[in-house]
Amino acid sequence: MACIWRLSVLCSAQGGRVLLRTPVVRPAHVSAFLQDRPTPGWCGTQHIHLSPSRHSGSKAASLHWTGERVVSVLLLGLLPAAYLNPSSAMDYSLAAVLTLHSHWGLGQVATDYVQASALQKAAKAGILALSALTFAGLCYFNYHDVGICKAVAMLWKL
Amino acid sequence: MAALLLRHVGRHCLRAHLGPQLCVRNWSLPMAMSICHRGTGVALSAGVSLFGLSALVLPGNFESYLELVKSLSLGPALIHTAKFALVFPLMYHTWNGIRHLMWDLGKGLKIPQLYQSGVLVLVLTVLTSAGLAAM
């Protein structure tokens with residue numbers, strides 16, 4: 001499954017020159033699809049076809065990004081649903097989606113603020129441990145105690 | 001007035017050799033709201049993790065802890081304030097989260113729209129937090 005990138009070139013002569021004349025080693029299958037080098041001041045778009053084997057890293061990152069948005073929307077829907085329809089299934093769904101959303105969120109914070117690669121790996125491992133323990137704790141609460149929905153209701157009746 | 005206050009902070013920052021982010025002279029609403037989105041996110045995560053870990057580690061069940069809080073005979077004003085304090089970061093993060101999802105759809109990215117949606121999020125946050133705390 002090939003990804004298609006559209007390269008929009010700025011219409012100013014300066015912009016076009018800077019963007020297209022940077023020396024770049026392109027794999028053969030990419031060059032085959034690129035059009036002839038345009039003249040300066042050319043405005044338009046180019047289509048570059050890339051095979052997944054060369055860019056699986058960016059494909060994984062793109063899927064992760066989409067996954068994050070899907071989970072966010074899911075959590076958004078679960079909040080009113082849990083209020084209107086509290087149940088055991090809702091408790092476990094809430095536990096799963098909440099911990100996943102927070103796990104990925106903390107992962108973004110680690111990526112942004114922890115630079116060194118060894119330290120970042122340690123931070124990510126720590127976050128994984130925390131998320132795993134949190135999920136275990138919430139499931140334990142759902143099973144052995146009143147469950148998340150009931151707990152919030154009880155807390156609010158205080 | 002908030003901008004003047006923050007500039008004052010910025011000047012002190014430079015003298016105290018603190019991080020450059022804090023010393024950016026012109027803070028903007030979108031910038032501050034973005035930091036708060038991250039802050040509330042981390043705080044909410046910490047709260048959920050604390051709850052989950054407590055369930056694993058602390059003795060007794062949830063009801064016994066609620067009874068403990070009830071036995072403190074806290075005034076209704078304090079309880080109401082505590083509920084507001086709990087629900088405020090959640091509401092802020094939720095409404096600003098929706099704003100983020102709108103941006104991901106490509107909507108509302110013009111600068112004036114950024115400020116308008118930002119103010120809307122703040123207003124909604126206060127209103128819904130007050131509403132939920134009163135329930």
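This briefing describes the two chains, the interface between them, and a few individual residues.

The model is predicted: local features need pLDDT of at least 70, side-chain atom pairs count only at pLDDT 80 or more, and totals for chains, interfaces and linings use all residues. Residues are numbered from 1 along each chain as its sequence is written, chains are lettered from A and ligands numbered from 1 in the order in which they are written, and side-chain values use heavy atoms, leaving out hydrogens and water. Chain A has six helices and two strands, while chain B has five helices and zero strands. Chain B and chain A bury about 2,600 Å² between them.

**The two chains**

- Helices and strands are DSSP runs, numbered from the N terminus, where a helix (H or I) has at least four residues and a strand (E) at least two.
- Reading chain A from its N terminus, the order of elements is β-α-α-β-α-α-α-α.
- In chain B the order from the N terminus is α-α-α-α-α.
- Of the 158 residues of chain A, 28% count as buried, where buried means under 20% relative accessible area, exposed means over 50%, and partly exposed is in between (1.4 Å probe, protein chains only).
- For chain B, 23% of its 135 residues count as buried.
- Among contacts (heavy atoms within 4.5 Å) with a separation of 6 or more, residues 24 or more positions apart account for 56% in chain A.
- The corresponding share in chain B is 70%.

**The interface**

- On the chain B side, 28 residues are in contact with 30 residues of chain A.
- Of the buried area, 76% is on carbon and sulfur atoms; buried area is the accessible area (1.4 Å probe) that two parts lose on being put together, summed over both.
- Eight residue pairs are in polar contact across the interface, with both residues at pLDDT 80 or more.
- A polar contact is a pair of N or O atoms within 3.5 Å; within protein, one must be able to donate a hydrogen and the other to accept it, and residues adjacent in sequence count only if both atoms are side-chain atoms.
- Four elements of chain B each give two or more residues to the side that touches chain A: helix H2 (29-57), helix H3 (62-71), helix H4 (76-104) and helix H5 (111-134).
- H2(B) supplies the largest share of that side, ten residues.
- By residue type, the side of chain B that touches chain A has 17 nonpolar, six polar and five charged residues.
- Here Ala, Val, Leu, Ile, Met, Phe, Trp, Tyr, Cys and Pro count as nonpolar, Asp, Glu, Lys and Arg as charged, and the others, Gly among them, as polar.

**Salt bridges**

- Side chains of opposite charge can pair when their charged atoms come close.
- A salt bridge is a side-chain nitrogen of Lys or Arg within 4 Å of a carboxyl oxygen of Asp or Glu.
- The whole structure has four salt bridges over all chains, and the count between chain B and chain A is two.
- B:Arg38 and A:Asp112 form a salt bridge at 2.6 Å, N to O.
- This pair crosses between chains, from helix H2 of chain B to helix H4 (residues 88-113) of chain A.
- B:Arg38 is partly exposed at 26% relative accessibility, and A:Asp112 is also partly exposed, at 38%.
- A:Arg69 forms a salt bridge with B:Asp104, with the closest N and O atoms 2.7 Å apart.
- A:Arg69 also pairs with A:Glu68 at 3.1 Å, N to O, and A:Glu68, A:Arg69 and B:Asp104 are linked in a network of salt bridges.
- B:Glu67 and B:Lys70 form a salt bridge at 3.7 Å, N to O.
- B:Glu67 and B:Lys70 are three residues apart in helix H3 of chain B, so about one helical turn separates them.

- B:Ser73 has a positive phi of about 50 degrees although it is not a glycine.
- B:Ser73 lies in the loop between H3 and H4 of chain B and is exposed at 59% relative accessibility.
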